[in-house]
Amino acid sequence: PVVYVTIDDGPDPTWTPQVLALLAQYDATATFFVIGEEAARFPAVLKSVRDAGHAIGNHTYTHPWLTHLPPSGVRAELAKTDAAIGTTPCMRPPGGFVDARVEAIAAAAGKTVELWELDTRDWAHPGVPAIVSAATKGVHAGSVILLHDGGGPRAQSVAALKQILPILTARGFALEALPACR
């Protein structure tokens, strides 16, 4: 059985290398949904994600709620990010805010919209035990877990991932990148 770990809002020079080291330790492959402006600021960090064999998805250039933008704004956010990271087959709308219009624009750009099932809410710093519980309680084959490596201090996220990965592997799950993003 496979579980999909997804990491949003990087790359970040402090947190992304720590996440990569943990993933390598557990022979796990993840999908990193990167913000274009962060990728432009830290191209070497993005390269390390790519070189480690992880999938990379488009998470917009500036992280706006896409449902609040005109169509031209949505297209610009996706295109500018692709210019910074390379064209990707998938995207994740910030906050998960998506509607039929955003889906159609993504599809026209050759992208599937990828959301999540298990939201750890790690961005809110709820504490390591809460993050671990959110990622592992109710997990099943095909679950998509949402974590973050950017957008602020991620010490709790990294500490939680250090517990999440061995729990999932002990339960017999393979940890892979989302198929639509490979």
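Analyst: A helix axis here is a line fitted to C-alpha atoms over the stretch in contact, and the angle between two axes runs from 0 to 180 degrees between their N-to-C directions. Keep in mind that this is a predicted model.

User: Thanks! Why is helix α1 called roughly parallel to α7?

Analyst: The axes of α1 (residues 15–25) and α7 (residues 155–170) cross at roughly 5° and come within 10 Å. Angles under 35 degrees count as roughly parallel, so α1 is roughly parallel to α7.

User: Which residues in α1 and α7 meet?

Analyst: From α1 they are W15, Q18, V19, L22 and L23, and from α7 they are A155, V158, L161, K162 and L165. Sorted by class, this contact has eight nonpolar residues, one polar and one charged.

User: Now to the start of the chain. What makes P1 exposed?

Analyst: P1 has a relative accessible area of 59%. Exposed means over 50%, so P1 qualifies. P1 sits in the segment before β1 (2–8).

User: Which residues does P1 touch, leaving out those up to four places away in sequence?

Analyst: P1 touches A141, G172, F173 and A174.

User: How do you know whether T60 is buried or exposed?

Analyst: The relative accessibility of T60 is 0%. Buried means under 20%, so T60 counts as buried. T60 belongs to the loop between β3 (55–58) and α4 (71–85). Its phi is near 75°, a positive value in a residue other than glycine.

User: And what makes H63 partly exposed?

Analyst: H63 has a relative accessible area of 26%. H63 is found in the loop between β3 and α4, and its phi, near 65°, is positive in a residue other than glycine.

User: What kind of peptide bond joins G10 and P11?

Analyst: A cis peptide bond, with omega about 5°. P11 is in the loop between β1 and α1.

User: One last topic: how much space lies in the largest pocket?

Analyst: About 240 Å³. Of the 15 residues lining this pocket, D9, H63, G95, W123 and H148 are the closest to its centre. By class, the lining has six nonpolar, five polar and four charged residues.

Technical notes. Residues numbered from 1 in each chain as written. Predicted model: local features only at pLDDT ≥ 70, side-chain atom pairs only at ≥ 80, totals over all residues. Heavy atoms only, no water. Helix = DSSP H or I, 4+ residues; strand = E, 2+ residues; numbered from the N terminus. Parallel < 35°, antiparallel > 145°, perpendicular 65-115°, else oblique. Contact = heavy atoms within 4.5 Å. Nonpolar A, V, L, I, M, F, W, Y, C, P; charged D, E, K, R; others polar. 1 Å grid on protein atoms, 1.4 Å probe; cavity = no way out; pocket = protein on both sides within 12 Å on 5 of 7 lines; lining within 4 Å. Points joined across faces, edges and corners; volume = space filled by probe spheres on them. Buried < 20%, exposed > 50% of the residue type's maximum accessible area, 1.4 Å probe, protein only.
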